[in-house]
Amino acid sequence: YNQIKTRKYNSMKKHIGRTVLQIIALVFIVFGIIGLFLPFLQGIIFLVIGLYLLSLISPRIREHIHAWGRRHSFVGRVLARLEGFNVRLRRWFHLE
């Protein structure tokens, strides 16, 4: 009985972490789109952060970002540096 409760609790934590991460990523993307039109808001930075956060959830977006990193050496170097941070974020949002 305790094992079932623990599994349900872990599943719920994972679902909540995923939902919170999606909301944060979408907020960054919306700010990024708004920032493309407003001169005082850096739209590109918000879009990149939003896409990076979504890549923690979606394998399809992750693959697109890594393909982009293979084509552009600067992006590849940045992605390589973010790998350790990626693991910590996935743990923090209970995605593992």
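Is glutamate 63 buried, partly exposed or exposed? This is a predicted model, and in it glutamate 63 has a relative accessible area of 44%. Buried would need under 20% and exposed over 50%, so glutamate 63 counts as partly exposed.

Its partner is arginine 70. The two form a salt bridge, with the closest N and O atoms 2.9 Å apart. Side chains of opposite charge can pair when their charged atoms come close. Arginine 70 is exposed, at 59% relative accessible area. Searching the whole structure turns up one salt bridge.

Next, helix H2, which covers residues 43-55. Its end C-alpha atoms are 18 Å apart. Why is that the span to expect? Because H2 has 13 residues, and at 1.5 Å a residue, counted over one less than the number of residues, they should span 18 Å, so the two agree. Several residues of H2 are buried, among them Leu47, Tyr52, Leu53 and Leu54. Gly43, Gly50 and Ser55 are also on that buried list.

Tyr52 brings us to the largest pocket. That pocket holds about 380 Å³ of space. Helix H2, helix H3 (59-71) and helix H4 (73-92) are the elements that each give two or more residues to its lining. The lining has 16 residues in total, and those nearest the centre of the pocket are Val48, Tyr52, Trp68, Val78 and Leu79.

What classes of residue make up that lining? There are 16 nonpolar residues, with no polar and no charged ones.

Notes
Residues are numbered from 1 along each chain as its sequence is written. This is a predicted model: local features need pLDDT of at least 70, side-chain atom pairs count only at pLDDT 80 or more; totals for chains, interfaces and linings use all residues. Side-chain values use heavy atoms; hydrogens and water are left out. Helices (H or I, at least four residues) and strands (E, at least two) are DSSP runs, numbered from the N terminus. Buried means under 20% relative accessible area, exposed over 50%, partly exposed in between (1.4 Å probe, protein chains only). On a 1 Å grid over the protein atoms alone, a cavity is a set of points where a 1.4 Å probe fits but cannot get out, and a pocket is an open set with protein on both sides within 12 Å along at least five of seven lines; lining residues have an atom within 4 Å of a point. Grid points are joined across faces, edges and corners, and a volume is the space filled by probe spheres set on the points. Ala, Val, Leu, Ile, Met, Phe, Trp, Tyr, Cys and Pro count as nonpolar, Asp, Glu, Lys and Arg as charged, and the others, Gly among them, as polar. A salt bridge is a side-chain nitrogen of Lys or Arg within 4 Å of a carboxyl oxygen of Asp or Glu.
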